[in-house]
Structures are given as C-alpha cells and as structure tokens.
Amino acid sequence: MRTFWDFIWADVKMTARNKQALFWSFFFPVLLMGLLGIVFGQEGSFAARLAVVDEAGGPLAATMTGVFKQVPALKVTSVGDRQAALDDLKNGDYAAVLVLPAGLGEGADEGSTALPFYYDNSSPVQAATVTGVVQQVVQEFGFRVSGTRPTFRLAAQPVAAQGFDYIDFLVPGVIAMAIMTNGIYAVSGTFVTYRQKGVLRRLRATPLPPGSFVSAYVLVNLVRSLMTAALVLAVGILIFNVNVTGPGVLARTVVLALIGSGTFVSLGFFVAAVAKNIEVAAALGQVIGTPMMFLSGIFFPMDNAPRWIQPVVNAMPLKYLADALRGVIISGQTLWTVRWDVVVLVVFGTAFLGLSVRFFRWE
Amino acid sequence: MVSVSGSADVIGVRGLTKRYGELVAVAGVSFTVARGEVFGILGPNGAGKTTTLEMIEGLRKPDDGTIVVDGLPVWPRPKVVKGRIGVQLQATALFDYQKLHEIVYVFGSCYGVRRSKRDRIALLERVGLADKADAYADQLSGGQAQGLSIALALVNDPVVTFLDEPTTGLDPRARRALWDVIREINRDGTTVVITTHYMEEAERLCDRVAVMDLGRIVALDTPRALINQLGATATISFGTSEPLPLETLCGLDGVHDCREEDDVDGYVIVAADAQRAVLSLMALAGERDLRVRNLDVRGANLEDVFLTTTGHRLSVDDDGAAAAAAGTSRRRFGRRKVAP
C-alpha cells in the first residue's frame, strides 16, 4: 500500500514538472473557453430571440411585427398563444416575449398603451440588451404613429427562466472536453511511452503487482480531471458570469466528472493497448478525439446539424458527458434526471475497459 | 540479503527450453552459477541469451526445464524470486521528470525498500552518479544511463544481479568505466550474471563464460581455459609485395585457416601452431622472393574460441563497435582447411 502512495507522489511530481501536460490539462481548456466566450459570448453577435404574440390583430399590429422583424439584433418569431410563448421563454427558447394586446392603438389620445413584455432574467446582460432594443423600437414606432408623443410603453416583467448564454452552454462542454483529452491523450501517451521505454517491463521484473502502479496513475489522472473541471468552472463563474443553479451542483459535477473520467481513461488504455508506438498512439488519439470534440455538441449545439449526422452524434460518448454536465451545472438537474446519459457513459467505459484488458501488452 | 540456501550455487538451470512456434530460441540449456562469481553468457545477437536471462528473472515462462535461484524454484510463482534478484534489462527503464534519487526511491519502493536520500546517494555513488542525484534521467549520457539502470539492479540488495548487455552501444571509454563499476559491485559480494556479445568484455570481466549459439551452450569454462583449449593458436595478419594464391597459404605447415583481408591489404592466417606457421610463411616468402609487410601475430582470444566451436564469427550482425572495441576488424571468410 505504501508503494501505491509512493507511485501517486511520483506521478504527481512528474505531472507537475511536465509543462506540456500542464498546458493541455489546465491552460488550454481555460484558454479555449476564454477565446470562444469572448468571440461568441457577446450579446449582439447572436441575435436575441424574441417572440411576438399578436393578440390585437389588425394592420397596426401587423406593421409593428414587421418592424421588429427588420431589426438585425432580434430574431423574431410570431407566436399565436401568449401562454405557449411564456412556456418557451421559461425553457430558454426565447430571450423575451412581447405581447401586442387587444385594442392596440385605440384610445391613443388618452396616453400610451402598455405592451406586456416578459424577459428572461437569468442572464442580466442579455436581458438588458433585449429590453433596451425592444424599448427603442417601440418608442420610435409610437412617434411615427402619433408624430408628437410616445404612443406605447413597455410593461416589463422579469421571468425566471432556464435560458442560457453561449458561455453557459460552453463551460460544461469544455469541462467534458478536458476530461476526454486528459483521459485519451494523457493515458495513451504515458503508457505507450512506458512500454516503448521498457518501464513497464522493468516494473514487471519487480515483485510489485502491476495493478498498484496502474491504479496509482489512474487515481492521479482522475484528480487532474477534477482540478481541470474546477478551474474551468471557477473561471466561468468568476469571469464570464456563468449561471450555476441548483443546490449540490458541485457534488453532482464531481460525480459526473469521475464517471466521465473513468470512461475516457478506459478509452485511453484501449488506445495504448492497440498502438504499437507513440506516433501511432498520438494519431489514433486524434482520429478518435477530434471528431468527437466537434460532433458532441461541445462548442455548438448539434440540434441544428443535418439529420443524417445525428446517428454519428449519438454514437459519441462525449456527447453524453457534455449533456449530463450541462443538465447538472446549468439547468440544475439532478443525477436522476441525467441517469440515461450516465448509463451510456458507464456502458461505453465498461466496453473500453474490457477491450483494454483483452489487448493490453506489457512489452 | 541473507540467502536461503547455504549452497555454493546461487543459480541452477537444467534443460531450459523456450520455443516460439517453429523457432527454438533456447534449446535445453543447463548451467550453474556459483555464489560470488561474475558469470558471462557470450554469444551473437539472436543466440538466446536474453530469453535465457528473462526466464531466470521470472519474466518469461519456460516451455521446459527447471530454474532454481538461491534455493527457490522460479516457476510457477516467480514473485518471490523477483524480490531477491536485481535486474537490468536491455531497454533502459527511465521515468521522465523524475530525479535520479527519486527514481531510485520509487524502484526501491517496488521491492519494499525505502531508502533515505543519503542512502540513495550512496547507491548512486557505487555507479559513479552521486553528483547526478538531483539531475533528470534525460540529462544523462548513454554510459550514465546504463549506470543508473545498474544502480536500480542493486536497489534491493540482491543475492544475484542480472545485467543484459549493459555496455551495448557505449563507446570504449564508457564501456571500460562500466566494467570497473561491475567489478566493484562483485567485490562488494554480489553475484553477477552478464550477457554480452563483446568477447573482450567476457574475457576481461567474467570468472566463467558460457559461449552460446543458436539456443545452445557450446562451451563453458573460465576464459583462460577456453582459450587454452585451442592450443598454440594465433592470428597472423600481413601484406605481401605480390599476390599469393590462398591454396598455397592454407596449405602451409601449422596453418588452420586463411583468408584475404581488405582491412590489412593482405591476408589473415589462423594458425594452429604460431611458431610453425610463421616459419613456413617466411620460408615461402624466401622461395618466391616476396616482401612480407606489417606482420602481426596476435594470441588467441574468445573470438577464436567462438569461431572454432561454432564455425562462424561472433560479431557477424554487429554494428562494428564490438569488433573495433575488441581490437579486431571486419573480415571476410576465405577458404578453410579442415584441421587434421
């Protein structure tokens, strides 16, 4: 047992001294999140989704809807039913809902008409932007109608919704990606190098059971993944105002990160088992890891991807880890809610582990 | 480490056999290694030296035969013996990003031996690496890296340590430095089993040498006794002012074998009797009015033992370093006269 801890300490030191490993494990995920967050996370880059509910009917309401549709900062959908629009708002499908009430424009002489306006307050920046834009459009339109004074005003109401920003979407994805790279690349790279250098053979010449050396490495790798997850999450919360909701979210994240690490460490051992040398291991890791990174909905949602590619997306173990992490971190879901993602991860992990044990060679 | 058996032999191998499909890598090898000696296994690449060693070390399961180390059978459960022996494998096992003294600690830990830092430096001192204790393994030269892997073969104070071609690929100076290290280790009381394809290494370092070829031991004795078996043999090389037919050379009195040799720009004779061969060569030169240049008479060595017992050269597949280190050079075969 003491030998196990000696190996853990040795692995920790080796990781801490390996600048390249530190870069890929810690710096790269944060850098990636930062860059994508800055480039795509700003409001305005993505048009805010606005639902317009036309309860008034008539030409004035139709003209007004048309004006909104021409505003570049807005992506306007006409919805017939206010309740349906509000439900979708709560689900995060819209940033805001604007209602054109019955009797729009009537009695304009007596003052301004209040337009019910509901916005998702889960993201303050987005809420402020969309409110501001809608306010401006409504005022301008009012002046055009009356010529002198505001005809309409917004009756704004915040709605607690699950709506999320791009950065909210991105953070769990980057955590999943880091867990995958820590698993596949670190494990396969390390063990193929050890095999090539004869380290594994030399260790087999000692009375030490091989399991204690391997399990020490795996434990250090799991902790490394957890630290990456914590770092990405901390940067997301502190710098990018990621909305983390629900109690016990950290504990759930740790559980998912450990399960996901198990799956991808197993995949890493499988790569190490079939790759003859470090070049093959690196290439194989890329062949497996790169498509997975782009087809698992890490950086962008896969909902809009072509239908024919969906079966491929569904075959990616990383998708399930990203979905589960997203559900837990952003939507405040419980582990029970994401249980099917977890089941798929465990099934993948068990299969990879079985294949590794079957094909792994010590020399 | 206190040995279990009081017997003089620390290793006993009998009928050891290993097959890989059709290929018989080790074909019924038997020998014993006495406590305290340096035992060499000399042979070319592919002779079965490493396979033999790995079966004794408990890394490779023999198909047939028995191995006893320090009174304990290695197979079927090699773990106990693994703990009592020291192992240096051909491929040097090193962790990146670990300092030398840390590597010594981790490997010691594998044997349940946890050394203090002072103790680790003392072990590194034995292989001349004390001043490198805080260096990383990738900063070592080839000879130093081999020194480290020998230190790791001593980390558990073994009764016997196995060194598999420890000096392969080293330059002559580093090789000689490593010989001193190995002698020192042996003087401190550790039995050493070493494989090599350098005849000079076997000759200078080993108390006894097993000459191995094609999976068999073809000769086993002290280097001196092996060479003495060849009688008054010597290798004579020279150039001549006029070409000589090999038939005539090989037919000379006292000559066992002869060939043309580009490296000496002339001929090489393997003499069964050096004195008679030189005399008859000089007589021939006088008869034909030839000048003999660069005459060089060299006593027999293990290379000649190998050549005589197996019919082929030791350093056939080598990169030339072995031959260069041995003070010989690459040669081509000429015609051979069957010894009377």
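**Exercise 1.** Leaving aside neighbours within four places in sequence, with which residues is B:Ile269 in contact?

*Solution.* The model is predicted: local features require pLDDT of at least 70, side-chain atom pairs count only at pLDDT 80 or more, and totals for chains, interfaces and linings use all residues. Residues are numbered from 1 along each chain as its sequence is written, while chains are lettered from A and ligands numbered from 1 in the order in which they are written.

Step 1. Two residues are in contact if their C-beta atoms, placed from the backbone, lie within 7 Å. By this criterion, B:Ile269 touches B:Ile236, B:Leu249, B:Val255, B:Cys258 and B:Ala277.

Step 2. B:Ile269 is also among the residues with the most contacts inside the largest nonpolar core, which has 149 residues. Such a core is a set of buried Ala, Val, Leu, Ile, Met, Phe, Trp, Tyr and Cys residues joined through C-beta atoms within 7 Å. A residue is buried if 20 or more other C-beta atoms lie within 10 Å of its own, exposed if 12 or fewer, and partly exposed in between.

Step 3. Helix H6 of chain A (residues 166–197) provides the largest share of this core, 19 residues. Another core, of 32 residues, lies apart from it and includes A:Leu74 and A:Phe152.

**Exercise 2.** Describe how strands S12 and S13 of chain B are paired.

*Solution.* Step 1. Helices (H or I, at least four residues) and strands (E, at least two) are DSSP runs, numbered from the N terminus; two strands pair if DSSP finds at least two bridges between them.

Step 1. S12(B) (residues 255–261) and S13(B) (residues 266–271) are antiparallel, with six bridges. Within this pair, B:Arg259 is opposite B:Val268.

Step 2. Four residues separate the strands of the hairpin, and B:Asp265 there has a positive phi near 55 degrees.

**Exercise 3.** State the strand order of the open six-stranded sheet of chain B, and identify the strands at its edges.

*Solution.* Step 1. The order is S6-S7-S8-S3-S9-S10, and the pairing is mixed.

Step 1. S6(B) (85–88) and S10(B) each have a single partner strand, so one side of each has no neighbour in the sheet.

Step 2. Inside the sheet, S3(B) (residues 38–42) and S8(B) (residues 191–196) run parallel and are joined by five bridges. One of these pairs B:Val38 with B:Val192.

Step 3. Helix H11 of chain B (residues 302–310) packs on the sheet, touching S3, S9 and S10, and its direction makes about 40 degrees with that of S9(B). Axes are lines fitted to C-alpha atoms, for helices over the stretch in contact, and angles run from 0 to 180 degrees between N-to-C directions.

**Exercise 4.** How many residues of domain 1 of chain B are in contact with domain 2 of chain B?

*Solution.* Step 1. The bounds, from an automatic or database domain assignment, are 9–222 for domain 1 and 230–325 for domain 2.

Step 1. Contact involves 16 residues of domain 1 and 14 residues of domain 2. H7(B) gives the most to the domain 1 side, with four residues.

**Exercise 5.** Which helix gives the most to the side of chain A that touches chain B?

*Solution.* Step 1. The contact takes 19 residues from chain A and 20 residues from chain B.

Step 1. H1(A) gives the most to the chain A side, with seven residues.
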